[in-house]
Amino acid sequence: MNIVLRAAAGYFILLLAVRLIGRRTASMMAPFDLVLLFLFGGITIGAVVGEDHSMVGAISAVFTIGLMHILVSSAKRRFQSVSRIVDGTPIIVFEHGQWNDERMRALRLTEQDVMAAARQRGIERLDQVRYAVAERDGKIAIIENKGN
Amino acid sequence: MSMDDATRRLDTIDEELEVGFDQKFEKKWRRLEIGSQGVMVLIVLAALAGLFGRGPFSHRTHRTSDGRLAVDFEPLARWGTTTQVTVHLSSPITSSAAPRGEGATVQARVFVSNEIVEPLGLQQVIPQPNATEAIGGGAVYDFAIPPGQDSALVRFVLKPSTVGLVTAEVREGDAGSESLSWTQMVLP
């Protein structure tokens, strides 16, 4: 199979895998999450380049993946449905003083993860938090209670 | 409507937080995620079992009706990855050039169709044949068999260079003897 087709297939397989394993891993919160993402890339390289160690092969693969990324980014901007599929939507995991356990479980988030994000904003107690949102990039946004 | 406009109007929480949270979509995505994880598990189990090659259930053997010739192969091979096809010869037919005799080394002849070279990508033949002759539709390999030995095993190491179904053929000796064919699906 042509290296361009293999690179394009590799891009989509990685996109799907990273999306399906969840946004928390994709945000590289823990050192091992970072290792996992590099591992994914390393495994895919072999299938994309095969035994082609030429500069032409490398340029073809890199340009293909670069163009695929531009294409997907443009499609995300143009079509909301593509944006949702590729990145998801922000998910509220804490509101009105209540945790949403179902969403937390789906995101494999713990209360400690949210409180860690709160502490990074100088928030000391949970009752100072109005909303906690798991953003599309996997980071947790904290919105403080007004008046605190 | 641009996406920025759509996001501004989407799913405001308590009419104060313009977050764009789409609960309906996220529920659907969660179901898809769980389904996909199930598919991933099935793929891993199938790979472990060798259903994509290289495992306990990855080999098939075809035999001629008289049992003199058998070919062992992987029905599912992988593009650019070596796979082996093993030909078993029982009571090999000796070539006319070297008649079977007391103490003499005999020659077994194996014909393999062209598909073993292209697209199956022949890399190596084990043992090394004494002679190779290209004939119509394939090649004939001559192998020396030590005296007294009534069976032989020939292994073809292949590295497929195409994706899809490939059917190849093997037979013992010259044209006219019973041939065996096997089909391999080369996965990308």
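Two strands count as paired if DSSP finds at least two bridges between them; helices (H or I, at least four residues) and strands (E, at least two) are DSSP runs, numbered from the N terminus. With that in hand, here are some friendly notes on the model.

This is a predicted model, in which local features need pLDDT of at least 70 and side-chain atom pairs count only at pLDDT 80 or more, while totals for chains, interfaces and linings use all residues. Residues are numbered from 1 along each chain as its sequence is written, chains are lettered from A and ligands numbered from 1 in the order in which they are written, and side-chain values use heavy atoms, with hydrogens and water left out.

1. **The sheet of chain A.** Chain A has an open sheet of four strands with antiparallel pairing, in the order E2-E1-E3-E4. Its edge strands, E2 (98-99) and E4 (140-144) of chain A, each pair on one side only. Inside the sheet, E1 (residues 91-95) and E3 (residues 129-134) of chain A run antiparallel and are joined by four bridges. Glu95(A) has Tyr131(A) of E3(A) opposite. Helix H7 (residues 111-120) of chain A packs on this sheet and touches E1, E2, E3 and E4 of chain A, its direction making about 65 degrees with that of E4(A). Contact here means heavy atoms within 4.5 Å; axes are lines fitted to C-alpha atoms, for helices over the stretch in contact, and angles run from 0 to 180 degrees between N-to-C directions.

2. **Chain B in outline.** Two helices and 13 strands make up the list for chain B. Among contacts in chain B between residues at least 6 apart in sequence, 59% join residues at least 24 apart.

3. **Helix H2 of chain B.** This helix covers residues 23-49, and its 27 residues should span 39 Å at 1.5 Å a residue, which agrees with end C-alpha atoms 39 Å apart; the expected span is 1.5 Å times one less than the number of residues. Gly50(B), with a positive phi near 90 degrees, follows the helix. The buried residues of H2(B) include Phe25(B), Trp29(B), Glu33(B) and Ala46(B).

4. **A sheet of chain B.** Five strands form an open sheet with antiparallel pairing, ordered E3-E4-E6-E11-E8 in chain B. Strands E3 (60-63) and E8 (122-126) of chain B stand at the edges with a single partner strand each, so one side of each is left without a neighbour in the sheet. E4(B) and E6(B) run antiparallel and are joined by four bridges; Val71(B) has Val87(B) in E6(B) as its bridge partner.

5. **Thr83(B).** This residue is found in strand E6 of chain B. Thr83(B) counts as buried because its relative accessibility is 1%. Leaving aside neighbours within four places in sequence, Thr83(B) is in contact with residues including Arg54(B), Glu74(B), Phe156(B) and Gln184(B).

6. **The cores.** A nonpolar core is a set of buried Ala, Val, Leu, Ile, Met, Phe, Trp, Tyr and Cys residues joined through side-chain atoms within 4.5 Å. The largest has 27 residues, of which Val87(B), Leu89(B), Val112(B), Phe156(B), Val170(B) and Trp182(B) touch the most other members. Apart from this core lies another, of 23 residues, among them Ile91(A), Met115(A), Tyr131(A) and Ala132(A).

Methods:
Buried < 20%, exposed > 50% of the residue type's maximum accessible area, 1.4 Å probe, protein only.
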